[in-house]
Amino acid sequence: MTTIADLLAAARARLTRLEPTDAARVLERGGRLVDIRPGWQRVAEGEVPGAVVIERNHLEWRLDPTSDARIPEATDHDVPWVVLCSEGYTSSLAAAALQDLGIHRATDVVGGFRAWQDAGLPTEPGTGEPPEYARS
């Protein structure tokens, strides 16, 4: 029987996970940060300016470059997507799922949004606004 701990360990074994400051450097070099937290969590914790917001249940459809539901930023399988959740657990599973789709540079932030904020990286109050793709 496989447990969630087994799935998480297998996902993380495939990823080159990034500390928050390393993730910020990837973004400076053209990587994209995708925040997968639900709206209530973004309101409670805050947001990262410029992050693409795609709640977890839509992630694969929005970032797969071959999907009819993709966002404009999902141009090809080589985009370095950095996935952010609250504490860095769900983001590991999500980044591994993106790698399964061939988005081979997908990874996540160790410690998630909380670690990003603790590292003194830019944040702003959460608005709870729905993601852009959900507004149309």
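Colleague: Which residue in β3 does V34 stand opposite?

Modeller: V34 stands opposite V83. This is a predicted model, in which local features need pLDDT of at least 70, side-chain atom pairs count only at pLDDT 80 or more, and totals for chains, interfaces and linings use all residues. Residues are numbered from 1 along each chain as its sequence is written, and side-chain values use heavy atoms, with hydrogens and water left out.

Colleague: How many bridges join strand β1 to strand β3?

Modeller: Two strands pair if DSSP finds at least two bridges between them. Strands are DSSP runs of E with at least two residues, helices are runs of H or I with at least four, and both are numbered from the N terminus. Here, four bridges join β1 (residues 32–35) to β3 (residues 81–84), and these strands run parallel. β1 is also joined to β2 (residues 52–53), in parallel, by two bridges; D35 has V53 as its bridge partner there.

Colleague: Which way do the side chains of β3 point?

Modeller: In a regular strand, side chains alternate between the two faces of the sheet. In β3, W81 and V83 point one way, V82 and L84 point the other way, and all are buried. Buried means under 20% relative accessible area, exposed over 50%, and partly exposed in between, using a 1.4 Å probe and protein chains only.

Colleague: What joins β3 to β4?

Modeller: Two bridges do, and β3 runs parallel to β4 (residues 107–108). V82 has T107 as its bridge partner in β4. The chain crosses from β3 through α5 to β4 in a right-handed β-α-β crossover. Right-handed means that, with the strands pointing away from the viewer, the path from the first strand over the helix to the second runs clockwise. Another right-handed β-α-β unit is made by β1, helix α3 (residues 39–45) and β2.

Colleague: Where is Q99 placed, and is Q99 buried or exposed?

Modeller: Q99 is in helix α5 (residues 90–100). Q99 counts as buried because its relative accessible area is 18%. A contact means heavy atoms within 4.5 Å. Leaving aside residues up to four places away in sequence, Q99 touches R14, L15, H104 and A106.
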